[in-house]
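Q: Can you walk me through this one? I'd like to start where the chains meet, then move on to the ligand.

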Amino acid sequence: MSSVKHPMPEQPAHERRRNFSEVELGYDEATAQAEAARCLQCKTAPCRQGCPVEINIPAFIKHIREGSYLEAIEEIKTKNNLPAVCGRVCPQEDQCEKLCVLAKKGQPVGIGRLERFAADFARNRPPRKTAPPSDEPAGKVAVIGGGPAGLTVAGDLARLGYKVTIFEALHAPGGVLMYGIPEFRLPKDIVRTEIEELKQMGVDIVVNAIIGKTFTIDELLQEEGYDAVFIGTGAGLPHFMDIPGENLNGVYSANEFLTRVNLMKAYRFPQSGTPVHIGRRVAVVGAGNVAMDAARTSLRLGADTVYIVYRRSEEEMPARQEELEHAKEEGVEFRLLTNPVGILGNEQGWVKGLECIRMELGEPDASGRRKPVPVPNSNFILDVDTVIMAIGQGPNPLVQQTTPGLAVDKRGNIIADESGKTSKEGVFAGGDIVTGAATVILAMGAGKKAAASIHEYIQNKRKRDRN
Amino acid sequence: MYIIKEKRELSQGVKLFVMDAPLIAKKCRPGQFVILRIDEDGERIPLTIADFDRKAGTITLIFQEVGNTTRQLGMLNVGDSLLDLAGPLGTATEIEKFGTVICVGGGIGVAPLYPIARAYKEAGNTVISIIGARNSALLILEQEMAAVSDELIITTDDGSKGRKGLVIDPLQEILVQKTVDRVMAIGPVIMMKSVAKVTRPHNVHTLVSLNPIMVDGTGMCGGCRVSVGNKNKFACVDGPEFDAHLVDFDGLMARQRMYHDYERGSKRCGGDCACHQ
Ligand SMILES: Cc1cc2nc3c(=O)[nH]c(=O)nc-3n(C[C@H](O)[C@H](O)[C@H](O)COP(=O)(O)OP(=O)(O)OC[C@H]3O[C@@H](n4cnc5c(N)ncnc54)[C@H](O)[C@@H]3O)c2cc1C
Ligand SMILES: Cc1cc2nc3c(=O)[nH]c(=O)nc-3n(C[C@H](O)[C@H](O)[C@H](O)COP(=O)(O)OP(=O)(O)OC[C@H]3O[C@@H](n4cnc5c(N)ncnc54)[C@H](O)[C@@H]3O)c2cc1C
Ligand code: SF4
Ligand code: SF4
Ligand code: FES
């Protein structure tokens, strides 16, 4: 048996760097079965410990191996409402696949790729009819934010017979899946289909509803008759560096840049109404997944040269290995140990250069990573006309500011325990709004736990009220 | 779906819609705005809530046709609907009894000014309003403003109505004559900038409502950032009203021009299509 994962076919780098179609093409049936055959069907299934939503991994892989793909997806969906999404964007190397026994001697089973295969296979079949629960609902729950955390809570509670309403501030649910992660990594049709299935389970989605403005949490609980509220508002507040020139035309936050392109489809301007500016030479500041997405998107919009500017070295880059490699193959250039100190503009107020300073690695800091320190007198100017800041996001404060009694930490994240309980009765939270920017699957894992504890909370309350 | 209940043309290229929007009508306060999208391919654009009727569940929007989206909007009629209407957004105006308040409105800026002036008046302030336009045909909401003001002064650039000149001329005179407790100015950036310049030496607390380019309107993109007192603020959540004496108006004007060339090249309805000929 092969000690490496079956590779997944992908668009060649020189072609894909100029289009928005999906980069990775997925397994065909034969490859999926061959990959499934690598799984040892371990009794203890250590891989499962690595999956925050606890998918029964060997069970679904066995179905694939036997060619029962619909059974495979049924198995996955008992735990995960967004398998086509997770199969694509989960950092599997840090989750399920990290704990796979095969990883000790060679490469782990391609669990994510198999999950994706099953989900894509089922996507082309008519969806299974799940009639919305007809009898008296178990309770009414409001979910704030339609990202992975909120969608998971909604799905789990709907399955338990609750009437769930998701309130989403934007015009489309999905959170970062819709506005952040680009089409070429996660086609928006796939996100839409998975959300459509939730609607068929009876979940209501109210878009254009900004909680804190359109409604407050207290109103939902006291006037609108909700038994509990889940807050999954994410980490949507973009950080800037506070360096001179950041307000010049041609400087974007990664959020704005990616929102214009993904949610507003600016790559189809003028058929779509929203423009995006892309220069010939782009500098993306930061080296996480968000930065890689911004850099690769810039290439696809037609930029000649795209730099990643990062103050540490390659070793410390937070992006997934796969994303980093894809970016390199597509021609993104890396300016490491380099930190911006200012953005230069022309008379019309447009970016004409990024002034940087060279860095070197000093002593390890609190996070254990070696701290970058500037090399004196090493300033130089990177010749660019667009700068995209991808240096992280914080919590949007709208809900916290308008919800008395809801405790937040000093960064502004909502404080919630393991089960999603906050300091306010009947209010639960999870995902990036609690942890700070993390991953899709961690947000979903938090959603699962919160759904269970909301269920327990409402049922206990009902019992108390009856007595 | 958000249905257009009423449509009027206030002056050339300036239209008024009464929109069915019960949730927004219930909550909105003067100074707040909405973000709308006409159709699936549409841009998200912000418009101020120029009036509201909580009982009828409606809000009033007044807009000037300046580009693709506003022109496309102007072609819609009663019974048509918008795909998206989100709000109320932004921080509401601080309304208290301050004493004497001057409300200065230029062009389309009179629309967002009207509910604010009315609220000042209802709170017991003496309200002096100065509204201006290039010519008399472009003046809007004259009667409405008169009804909520103790005194209404009109200026036009060409003298076709009221005083000939700019809104800052009467403003300057009043500031010399009496104590003014607050000034609220809404209009073109260049007008707001000159109002700030006029009130600064008199030390009158002056507010302006800014209109940078926005996308989400919820604090998520940072595209609406403006420098206020040398600090970056997101106009959609921290504003849109700011202390006029701290705003970097030149920076705002430069950023508003960001997509100028793109908009001109846009082939979506820009008024050059068959329906406009
Ligand atoms: C560009 C980018 C690429 C990424 N790539 C990956 C990846 O490859 N793999 C991975 O695992 N993770 C990735 N992540 C991280 C991942 O997307 C997030 O960790 C995850 O989406 C968090 O989910 P969430 O549900 O907590 O919040 P979000 O996805 O942020 O969703 C929050 C939702 O709440 C809405 N909302 C906010 N405030 C309000 C309000 N007041 N009222 C109503 N609605 C509100 C927002 O509009 C949004 O739709 C990436 C993130 C970005 C930005
Ligand atoms: C808080 C706020 C309240 C506003 N209230 C009103 C109002 O009550 N009535 C009114 O007529 N106008 C109002 N505006 C301005 C209005 O949003 C713009 O005129 C409109 O977006 C122009 O779109 P367009 O496609 O027709 O024109 P475009 O051709 O796209 O642009 C014309 C000019 O409008 C500005 N603009 C373009 N897109 C946006 C955007 N998404 N957000 C903000 N500005 C943009 C730019 O400066 C541009 O140069 C407001 C703006 C803000 C930020
Ligand atoms: S959801 Fe993510 S962590 Fe769980 S099995 Fe799938 S790829 Fe692995
Ligand atoms: S640990 Fe690896 S080999 Fe074992 S069951 Fe899980 S996926 Fe299969
Ligand atoms: S419009 Fe996006 S942050 Fe204000």
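Q: Which residue of chain B does Glu219(A) form a salt bridge with?
A: Lys27(B). This is a predicted model. In it, the closest N and O atoms of that pair are 2.8 Å apart.

Q: How many salt bridges are there between chain A and chain B?
A: Three. The rule also finds 18 residue pairs in polar contact across this interface.

Q: Which element gives the most to the side of chain A that touches chain B?
A: α13(A), with four residues. β5 (237-238) and β6 (251-253) of chain A each supply at least two.

Q: And what classes of residue are on that side of chain A?
A: It has 20 nonpolar, 17 polar and nine charged residues.

Q: What area is buried between chain A and chain B?
A: About 3600 Å². Carbon and sulfur atoms give 52% of that. Asn208(A), Lys213(A) and Asn247(A) supply 17% of the area that chain A buries against chain B, more than any other three residues.

Q: New topic, the ligand. How many residues surround ligand 1?
A: 35. Among the closest are Val89(A), Glu168(A) and Asp432(A). The shell divides into 19 nonpolar, 12 polar and four charged residues.

Q: Which helix supplies the largest share of the shell?
A: α14(A), with three residues.

Q: What lies 2.9 Å from a polar backbone atom of Val440(A)?
A: An oxygen atom of ligand 1. A nitrogen atom of ligand 1 lies 3.1 Å from a backbone N or O atom of Ala169(A).

Q: How much of ligand 1 does the protein bury?
A: Taken alone, ligand 1 exposes 1000 Å², and the protein buries 95% of that.

Terms used
Residues are numbered from 1 along each chain as its sequence is written. Chains are lettered from A and ligands numbered from 1 in the order in which they are written. This is a predicted model: local features need pLDDT of at least 70, side-chain atom pairs count only at pLDDT 80 or more; totals for chains, interfaces and linings use all residues. Side-chain values use heavy atoms; hydrogens and water are left out. A residue is near a molecule or strand if one of its heavy atoms lies within 4 Å of it. A polar contact is a pair of N or O atoms within 3.5 Å; within protein, one must be able to donate a hydrogen and the other to accept it, and residues adjacent in sequence count only if both atoms are side-chain atoms. Accessible areas come from the Shrake-Rupley method with a 1.4 Å probe; for residues, only the protein chains shown count as cover. Ala, Val, Leu, Ile, Met, Phe, Trp, Tyr, Cys and Pro count as nonpolar, Asp, Glu, Lys and Arg as charged, and the others, Gly among them, as polar. Buried area is the accessible area (1.4 Å probe) that two parts lose on being put together, summed over both. A salt bridge is a side-chain nitrogen of Lys or Arg within 4 Å of a carboxyl oxygen of Asp or Glu.
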